[in-house]
Structure formats: structure tokens, C-alpha cells
Amino acid sequence: MLDTVARTPARTLRWGIDLGLSATRTVGRALRLGLDAGIYLAVDTVRLRHPLRETLLQAWFIVSVTAFPAVLVSIPFGVIVSVQVGSLTQQVGATSIAGAAGGLGVIRQGAPIVAALLLGGAAGSAIAADLGARTIREEIDAMRTMGIDPVRRLVAPRLAAMAAIAPLLCLVIVFMGVGTGYLINVGAQGGTPGSYLSSFASFATISDLFVALAKSILFGVIVVIVACQRGLEATHGPKGVANAVNAAVVIGVMAAFGVNLVITQLVSMFMPTRIG
């Protein structure tokens, strides 16, 4: 009994070290996959050898699974932000800045985060399931046997499609969120169109939109790399594909949230909000 108790801390420490090493190796493989896919994408684009048809098919697929949900999510999101901000500004007597507060919340945080959730939950899961199914059917091994690099043939087109669609999805969410907030503030909270638009224009800048678009592209890249890695490393039949899909969604979204925290802090330090 005493020996078991004495060995427990050592086992826990060893388990923690093994877990940390495994996570480090996984991150390393993901970074290498992303780097290889980026290099293939750049080289093949310059040489006019990029599989454009596959990229267009993947881009259309991403649009088909994320566009309509983005509209459905951004409308209630805009309503919630507008109601909460409007209620707070009315209590403190600052209704004139309701447009600025709601609009900045949607542009700076809401739109990129919603885009990351949709890209990870819809597009990322589908990509992981597709590549995982190909892996367990040994199609990926067959491609390598024929001298076809699956990273160049499968991952690079999906990376290009995600990088192209992510900012467009973010723009849709921004437009719907800000538009919904405008309608709620003017139609239900007694605000005036001029006050809403003038406060929004005083606080929001074009750099805020650029930061949101850059964040959405980065989140999309993270999601697609994680999804491709999980799919290409799927094992143990259909159960392994299900585990790969689950891991792709959870890890991709959590990684995007972590990166968003860092970017938000950096933007707050070097690009503080200014009036006018």
C-alpha cells in the first residue's frame, strides 16, 4: 500500500511528461504540414501547376456549408450585442455611443470568432472526415505509392480555398451583425440613424476591418491545417475517423481562440482605440 502511494507522484509526473512530449510532437507535425502545404501552394501557383479545379470545388463546398449558418448566427448575435450595449448605454446616459460600442464589438471580436466557429465546426469537420475516410481506405498510401504527394494534391488546395473564403465569410458576418444592430437600435431602442452612424464612424476605422479579416484568414488556416493533420493521421477504422473529426473541431477552435487572445492583446497595445 505504501509503495503504491509512493509511486503515484512518479507515475503522475511521467504521465505529464509523456503528455507534454506528445503534444509537442503533434504541434511540430502540424507546423510542418502547414509549412509544406504553403510552400507547395506558392511554388505550384508560380509554376501554374496548382490544381485550380480542386481548389474551386473545395471553396464552393466551404461556402455551401458555412454561408447560410453564418447568416443565421450573425443575426441573433447582432441582436444580443445591440440589446446588451443599448441597455448599458441607456443606464449610464451614453446612448449616443451605442453604435460605436456595438459595431466595434462585432467587427473586432464577434465576426472573427463566429467565423472560426463555423469554419471549425462545419468546414473543418468535413475536411477531417473526408481525409480520414481516405486514410483508412488506404487511398493516401496508394497516392504515395504512385508518387503523388497527398500534401500537394489534397492539403494545398484546401488551404488555398480556406484562405480565400474565410475573409468573405467574415465580411458577411460583419455586415449582418452591424446591420442587425442598427435596426435594433433605431427601431426598438429609440436611437436615431444619425447618432448611430456618427458614433460608429468616430470609433471604427478601416484598420479594425483589416485586422478582423486578417484574423479570420489566420483562423481559417489554423482550422484547415489541424483538420488535414487529424484526417491524414486517422487510424483504427470508422472509430478513428470519428475521433479525428472530434479532435479537429475541438483543437482547431481552441487554437483559434488562443491565437485570438494573443492578437487582441497585441492590437490593444499597438493599435489602441481613438476617437475621431
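Is T55 buried or exposed? I looked this up to start my notebook, and T55 turns out to be buried, because its relative accessible area is 9% (buried means under 20%, exposed over 50%, partly exposed in between, with a 1.4 Å probe and protein chains only).

**Ground rules.** I am working with a predicted model, where local features need pLDDT of at least 70, side-chain atom pairs count only at pLDDT 80 or more, and totals for chains, interfaces and linings use all residues. Residues are numbered from 1 along each chain as its sequence is written, and side-chain values use heavy atoms, with hydrogens and water left out.

**Overview.** I found eight helices and zero strands in the protein (helices are DSSP runs of H or I with at least four residues, strands runs of E with at least two, numbered from the N terminus). Of the 276 residues, 40% count as buried.

**Back to T55.** I located T55 in helix α2. Setting aside neighbours within four places in sequence, I saw T55 in contact with H50, P157, A160 and A161 (contact means heavy atoms within 4.5 Å).

**L35.** This residue lies in helix α1, residues 2–46. I noted L35 as exposed, because its relative accessible area is 53%. Its C-alpha atom is separated by 9.7 Å from that of I225, 190 residues apart along the chain.

**The core.** Next I checked the largest nonpolar core, which has 51 residues, with M162 and I173 making the most contacts inside it (such a core is a set of buried Ala, Val, Leu, Ile, Met, Phe, Trp, Tyr and Cys residues joined through side-chain atoms within 4.5 Å). Helix α5 gives the largest share of this core, 15 residues. I then followed I173: leaving aside neighbours within four places in sequence, its contacts include A70, S74, V106 and L118.

**α5 and α6.** How do I describe two packed helices? I use the angle between their axes and the distance between the axes. The axes of α5 and α6 come within 9 Å and cross at roughly 140° (axes are lines fitted to C-alpha atoms, for helices over the stretch in contact, and angles run from 0 to 180 degrees between N-to-C directions). I therefore wrote down α5 and α6 as oblique to each other (under 35 degrees counts as roughly parallel, over 145 as roughly antiparallel, 65 to 115 as roughly perpendicular and the rest as oblique). At their meeting place, V178, G181, Y182, N185 and V186 in α5 meet P193, Y196 and L197 in α6.
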